[in-house]
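Student: Could you take me through this model by question and answer, with the cut-offs stated as each term comes up?

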Amino acid sequence: MTQVSGLYLHVPFCKHLCNYCDFYKQKLTAEKTQFEDFHQFLISSWDRHEFLMREQKMDWAPLTSVYLGGGTPSLWGALGAEFFRDFYLSKLQLDQAEFTMEIDPGTWTPEMIEAWKKIGLNRISIGTQTLDGNFLKVMDRIHSLEETHSLLRYCSENNWNFSLDFLLGIPYSQEKNRDIIHELTELLSYSPTHISLYILNARSKYPLVESLPDDEYIREEFLKVSEFLRSRGFHHYEVSNFALPGFESRHNLKYWRGEAVAAFGPTGTGFFPQGKKALRYNWKVMSPDFQPEDLGENELLLEFVYLSLRTSEGWKPTHLTRGLEQVFQSWEAKNYGQFTAGKMVLNATGFVMLDSLMDDLFREGLA
Ligand SMILES: C[S@@+](CC[C@H](N)C(=O)[O-])C[C@H]1O[C@@H](n2cnc3c(N)ncnc32)[C@H](O)[C@@H]1O
Ligand code: SF4
């Protein structure tokens, strides 16, 4: 039996659908019926999932990480805390779990946070995006800058362990000279322990696609932020994530290390490793059933290499061929990272080039 100690729950509701967002979500228009349907979906999913676990020889262990992502989990409110307690916590135990909720600055109350805190919530992830009011509007966010400050103040004054989402590559940032270091300096004054740095991923139908900065500008922004946050004591521990020592996200680390994570909620993705193989499953949107994806040895190895190189843990090949060694030496010579004792660890410059670096590995016959 393989043990599962990680739980992800996708809460698919938003007050407003931001025009750039990639995630599966529904506009919350009729709270009562939408939440009732959601609860029914989760209840029906449980038995289906238990069957999968038996089939895959997986066993629940006390949970060491719980992550409520979305959508906007904060909209689930105190009702959600009640459901989570009565349904999941009657079946699963928490073992000093890192228990995170994503919160949109426009959809929270102290009472809602307190209700979740009572059942174990101990980490908050804030959808900050930017601390410049003009860019907030450009990003189609409907909360105000004052609401962002108010949540930051609340987290800071109540000693929450909290993370911030910060966006790069925002439309007009090149023309308007967006001052990201000023924004980050102000953000750090609230004492977050973790920062997720995302580069805006825009589809061709994105209305402001013409006003996006160019790749070189975004690359420079990324390197500037990495240098700044490292100078302020943050560890750049994964391409898009920075943490003060000891505050790395346990939930994320499980995904990157290929450890078991169970998932629920529409589009939630779970992962069950099985020795040299693995199963990934994706919950469907309309029915409490999932799409399974079997991963074979080669696919897993590729994922393992890619995910390892995304993190500061790096990759140490079991068989270091002469060809691989030459690739790593060339990366080190170009200052993309450090190659020591058979292990390659990329730095910020290497992280931004990761996709093209993977091509170097394919040429060496990795896949
Ligand atoms: C589920 S949302 C966070 C919670 C909440 N819904 C909110 O927006 O505040 C997760 C994060 O994904 C990021 N995100 C969404 N769409 C993105 C895109 N197209 N490119 C890059 N990041 C994106 C945003 O930074 C957002 O904070
Ligand atoms: S509130 Fe968050 S999840 Fe909802 S649309 Fe906006 S970015 Fe996406």
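Student: In which strand is Q129 found?
Tutor: In this predicted model, Q129 has a positive phi of about 70° although it is not a glycine. Its relative accessible area is 7%, which makes Q129 buried, a word that stands for under 20% relative accessible area, with exposed meaning over 50% and partly exposed the range in between (1.4 Å probe, protein chains only). Helices (H or I, at least four residues) and strands (E, at least two) are DSSP runs numbered from the N terminus, and the run that holds Q129 is strand β6, residues 123-129.

Student: Which conventions lie behind the numbering and the values?
Tutor: Residues are numbered from 1 along each chain as its sequence is written, while chains are lettered from A and ligands numbered from 1 in the order in which they are written. Side-chain values use heavy atoms, without hydrogens and water, and because the model is predicted, local features need pLDDT of at least 70 and side-chain atom pairs count only at pLDDT 80 or more, whereas totals for chains, interfaces and linings use all residues.

Student: Is S191 buried or exposed, or does it fall in between?
Tutor: S191 is placed in the loop between α6 (180-188) and β8 (194-199). It is not a glycine, yet S191 has a positive phi of about 65°. With a relative accessible area of 47%, S191 is classed as partly exposed.

Student: What is the omega of the cis peptide bond at G70 and G71?
Tutor: G71 lies in the loop between β4 and α2 (77-88). The peptide bond that joins G70 and G71 is cis, and its omega is about 15°.

Student: Which residue of β11 stands opposite L7?
Tutor: Strand β1 also pairs with strand β11 (residues 262-264), in the parallel sense and over 3 bridges. The residue of β11 that stands opposite L7 is A262.

Student: What is the phi of G275 in the turn between β12 and β13?
Tutor: Strand β12 (residues 269-274) pairs with β13 in the antiparallel sense over 6 bridges, and G270 stands opposite Y281 in β13. The two strands form a hairpin with 2 residues between them, and in the turn G275 has a positive phi of about 65°.

Student: How far apart in space are L168 and I180?
Tutor: L168 belongs to strand β7 (residues 161-168), and a relative accessible area of 0% makes L168 buried. Leaving aside neighbours within four places in sequence, L168 is in contact (heavy atoms within 4.5 Å) with residues including R178, I180, L197 and F222. L168 and I180 are 12 residues apart in sequence, and their C-alpha to C-alpha separation is 8.6 Å.

Student: With which residues is L253 in contact, leaving aside its neighbours within four places in sequence?
Tutor: L253 sits in helix α8 (residues 250-256) and is buried, with a relative accessible area of 15%. Its C-alpha atom is separated by 22 Å from that of L223, 30 residues apart along the chain. Beyond those sequence neighbours, L253 is in contact with Y237, E248 and E313.

Student: What is the radius of gyration of the protein?
Tutor: The protein has 12 helices and 16 strands. The globule rule (2.2 Å times the number of residues to the power 0.38, with the radius of gyration taken over C-alpha atoms) gives 21 Å for 367 residues, and the protein comes close to that, so it is as compact as a globular protein of that length, with a radius of gyration of 21 Å.

Technical notes. Two strands pair if DSSP finds at least two bridges between them.
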